[in-house]
Amino acid sequence: MKLFLILGAIHAMLAVMLGAFGAHALEAKLNARNMLNVYQTGVQYHMYHALALLVVGVLIGKFPASTLLTGAGWSFFIGILFFSGSLYALSTTGMKFFGPITPLGGVAFIVGWILLIIAVVKA
């Protein structure tokens, strides 16, 4: 329970910090390359899934034996790293190498939501 609450809180904080950094420090640089929207998408999904990690942490407190909830938490965490992380890297470096990593994070997000749905149905 505490692990996903901590991960969720850390990532919510990071999403806010990265959003502010993008809005203030990177705006001119990223707008010049049409990458500000890509960066902002990374921040939005980062925050959504940081909140999902917090929800998973709370639910694990109520259902500690649920391996589905644990799987959902790890899927959200991996999704943040791959999806948002690759968008941050792509938008700030322009290296197209990071583009194909983004869908892997999207799949991890989807798997996390599916596992969360199944866990709630089984609870």
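## Exercises on helix packing

In this predicted model, the axes of α3 and α4 lie 9 Å apart and the two helices pack at an angle of about 165 degrees. Let's work from there.

### Exercise 1

Work out how α3 and α4 are oriented: roughly parallel or roughly antiparallel to each other?

*Solution.* 
- Start with the angle, which is about 165 degrees for this pair.
- Angles over 145 degrees count as roughly antiparallel.
- α3 and α4 are therefore roughly antiparallel to each other.
- Next, take the handedness: α3 passes α4 in a left-handed crossing.
- Finally, sort the contact by residue class: α3 with α4 has 19 nonpolar and nine polar residues, and no charged residues.

### Exercise 2

*Solution.* 
- Helix α5 covers residues 102-122.
- It packs with α3 at an angle of about 30 degrees, and the axes are 12 Å apart.
- Angles under 35 degrees count as roughly parallel, so α3 and α5 are roughly parallel to each other.
- The crossing of these two helices, α3 and α5, is left-handed.

### Exercise 3

Find the residues through which α3 and α5 meet, and say which classes they belong to.

*Solution.* 
- On the α3 side, look for Tyr45, His49, Ala52, Val56 and Leu59.
- On the α5 side, their partners are Phe109, Trp113 and Leu116.
- By class, this contact of α3 with α5 has seven nonpolar residues, one polar residue and no charged residues.

### Exercise 4

Locate Ser66, then decide: is Ser66 buried or exposed?

*Solution.* 
- Ser66 sits in the loop between α3 (36-62) and α4 (67-93).
- Its relative accessibility is 15%.
- The cut-off for buried is under 20%, so Ser66 counts as buried.
- Now follow its side chain: that of Ser66 reaches the backbone nitrogen of Leu69 at 3.1 Å.

### Exercise 5

Step back and describe the whole chain: how many helices and strands does it have, and what share of its residues counts as buried?

*Solution.* 
- Count the elements: there are five helices and zero strands.
- Reading from the N terminus, the order is α-α-α-α-α.
- For the extent, the C-alpha atoms fill a box of roughly 50 × 25 × 15 Å along the principal axes.
- For burial, 40% of the 123 residues count as buried.
- For contacts, take the pairs at least 6 apart in sequence: 77% of these join residues at least 24 apart.

Notes
Residues are numbered from 1 along each chain as its sequence is written. This is a predicted model: local features need pLDDT of at least 70, side-chain atom pairs count only at pLDDT 80 or more; totals for chains, interfaces and linings use all residues. Side-chain values use heavy atoms; hydrogens and water are left out. Helices (H or I, at least four residues) and strands (E, at least two) are DSSP runs, numbered from the N terminus. Buried means under 20% relative accessible area, exposed over 50%, partly exposed in between (1.4 Å probe, protein chains only). A polar contact is a pair of N or O atoms within 3.5 Å; within protein, one must be able to donate a hydrogen and the other to accept it, and residues adjacent in sequence count only if both atoms are side-chain atoms. Axes are lines fitted to C-alpha atoms, for helices over the stretch in contact, and angles run from 0 to 180 degrees between N-to-C directions. Angles under 35 degrees count as roughly parallel, over 145 as roughly antiparallel, 65 to 115 as roughly perpendicular and the rest as oblique. A crossing is left-handed if the near helix is turned anticlockwise from the far one by less than a right angle, and right-handed if clockwise. Contact means heavy atoms within 4.5 Å. Ala, Val, Leu, Ile, Met, Phe, Trp, Tyr, Cys and Pro count as nonpolar, Asp, Glu, Lys and Arg as charged, and the others, Gly among them, as polar.
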